[in-house]
Amino acid sequence: MSEAHSNNLAHHFETMEQQKQASSLGMWLFLVQEVMFFGGLFLGYVVYRSMYHDAFIAGSHLLNVKLGAFNTVVLIGSSLTIAFSVRAGQLGRNRQILGWLAATLVLGAVFLGVKGVEYAHKYHEHLMPGPHFHYDAAQHSAGAHVDTEAVDPHKVELFVSFYFAMTGLHATHMIIGIGLIVWLMVKAARRRFSSDYYAPVEVFGLYWHFVDIVWIFLFPLLYLIGRH
Amino acid sequence: MAYTGQHVTSIRTYVTVFLCLMALTALTVWVAFMDLGFMNTIVAMTIAVIKALLVVLIFMHLKDNPKVLWIAAGGAAVWLAIMMSFTLADYLTRPASYLGGW
């Protein structure tokens with residue numbers, strides 16, 4: 001068994017195949033607890049939205065649907081590029097792994113840049129939760145189908161708190177992901193991967209796709225369902 | 001089912017899934033600006049679940065992976081569903097004055 005001699009095979013595994021299965025299962029189990037981690041925030045959002053419906057509708061009008069939709073396209077695009085990177089891993093092509101990782105890095109950075117623009121806008125509009133929070137219904141929620149003059153600004157502030165907590169935790173995951181991409185790019189540039197050994201790229205791909213899925217739910221919940 | 005870790009998905013499949021995800025994104029934005037009442041939320045969440053399934057099954061290769069990973073992924077869905085449904089069974093059955101609607 002030539003693969004038993006591979007430098008990449010840890011001593012507690014019999015074969016590369018078994019090692020790869022173990023890494024995949026480990027990442028999936030990590031993602032299961034990530035679902036619980038984000039799930040608490042989603043649950044809190046759903047409960048408060050059912051209680052403070054009008055304020056949350058007014059709150060979703062504070063967000064920029066165009067930027068949110070743009071970022072959705074960018075992030076799903078980065079899922080495609082990381083899927084191509086994992087595919088290149090399966091085929092043992094280090095240069096392609098590196099190239100698609102670089103593309104993913106760029107798209108991830110674009111997403112965070114747009115997020116930064118959105119956060120800066122909220123800051124300048126005094127829409128950060130805290131003592132300087134100031135909600136002006138006529139200015140901020142024009143076009144909403146609920147009576148925004150009647151809503152309690154503190155409940156709009158609660159919406160914004162959920163917005164920052166959920167997108168902030170999501171962005172934190174992306175920043176960690178970008179750090180991991182750089183690490184993988186160094187390994188790919190040193191031609192460390194082969195069709196036998198590309199598990200780091202594969203499990204990182206799972207993580208990145210998960211982050212994409214979180215955004216797939218955040219975008220409609222925060223930006224869209226109050227817009228009509 | 002045998003482990004098929006070396007199953008290589010074709011580029012055509014990946015691009016097709018990506019285009020489906022783009023179309024669903026356009027659809028969810030378009031529908032969001034129509035007034036369907038509480039159905040807006042249902043439609044948006046249904047589209048999001050379809051998108052998530054496409055990512056999980058094709059991009060994350062769950063379709064071609066051993067059943068143990070299906071158990072892990074399914075476990076996440078089941079536990080999340082328990083948390084959501086049990087909590088909402090409480091909140092949504094409280095007096096109407098407590099709730100603001102959907």
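With that, the place of His61(B) is the loop between α2 and α3 of chain B. I will come back to that loop.

First, the ground rules. This is a predicted model, in which local features need pLDDT of at least 70 and side-chain atom pairs count only at pLDDT 80 or more, while totals for chains, interfaces and linings use all residues. Residues are numbered from 1 along each chain as its sequence is written, chains are lettered from A and ligands numbered from 1 in the order in which they are written, and side-chain values use heavy atoms, with hydrogens and water left out.

Let me start with the interface of the two chains. Contact means heavy atoms within 4.5 Å. On that basis, 53 residues of chain B touch 51 residues of chain A. The buried area, meaning the accessible area (1.4 Å probe) that two parts lose on being put together, summed over both, is about 4600 Å² between chain B and chain A. Carbon and sulfur atoms give 77% of that area.

Which elements of chain B give two or more residues to the side that touches chain A? They are α1 (11-32), α2 (39-59) and α3 (67-91) of chain B. The largest share, twelve residues, comes from α3(B). By class, the residues on this side of chain B are 37 nonpolar, 14 polar and two charged. For the classes, Ala, Val, Leu, Ile, Met, Phe, Trp, Tyr, Cys and Pro count as nonpolar, Asp, Glu, Lys and Arg as charged, and the others, Gly among them, as polar.

Now the pairings across the interface. A salt bridge is a side-chain nitrogen of Lys or Arg within 4 Å of a carboxyl oxygen of Asp or Glu, and between chain B and chain A the count is zero. A polar contact is a pair of N or O atoms within 3.5 Å; within protein, one must be able to donate a hydrogen and the other to accept it, and residues adjacent in sequence count only if both atoms are side-chain atoms. Three residue pairs in polar contact are found across the interface of chain B and chain A, both residues at pLDDT 80 or more.

Next, chain B by itself. Chain B is divided into domain 1 (1-65) and domain 2 (67-102), with bounds from an automatic or database domain assignment. Seven residues from domain 1 of chain B and five from domain 2 of chain B make the contact. The area buried between these two domains is about 530 Å², with 70% from carbon and sulfur atoms. Between domain 1 and domain 2 of chain B there are zero salt bridges and two residue pairs in polar contact, both at pLDDT 80 or more. The side of domain 1 of chain B that touches domain 2 of chain B has four nonpolar, two polar and one charged residues.

How many salt bridges does a search of the whole structure find? Over all chains, three. Side chains of opposite charge can pair when their charged atoms come close. For the next part, buried means under 20% relative accessible area, exposed over 50%, and partly exposed in between (1.4 Å probe, protein chains only).

In chain A, Glu118(A) and Lys115(A) meet in a salt bridge at 3.0 Å, N to O. Both residues lie in helix α4 (residues 94-124) of chain A, three residues apart, about one turn of the helix. Glu118(A) and Lys115(A) are both buried.

In chain B, Arg94(B) pairs with Asp90(B) in a salt bridge at 2.8 Å, N to O. Arg94(B) is partly exposed at 26% relative accessibility, and Asp90(B) is partly exposed at 35%.

That brings me back to the loop between α2 and α3 of chain B, where Asp64(B) is found. Asp64(B) forms a salt bridge with Lys63(B), the closest N and O atoms being 3.4 Å apart. Asp64(B) is buried at 14% relative accessible area, whereas Lys63(B) is partly exposed at 45%. The side chain of Asp64(B) is also joined to that of His7(B) by a polar contact of 3.4 Å.

Last, the backbone. Most residues other than glycine have a negative phi. His61(B) has a positive phi, near 65 degrees, and is buried at 9% relative accessibility. Arg191(A) has a positive phi, near 55 degrees, in the loop between α6 (153-189) and α7 (199-224) of chain A. Arg191(A) counts as exposed, at 53% relative accessibility.

Note on methods
Helix = DSSP H or I, 4+ residues; strand = E, 2+ residues; numbered from the N terminus.
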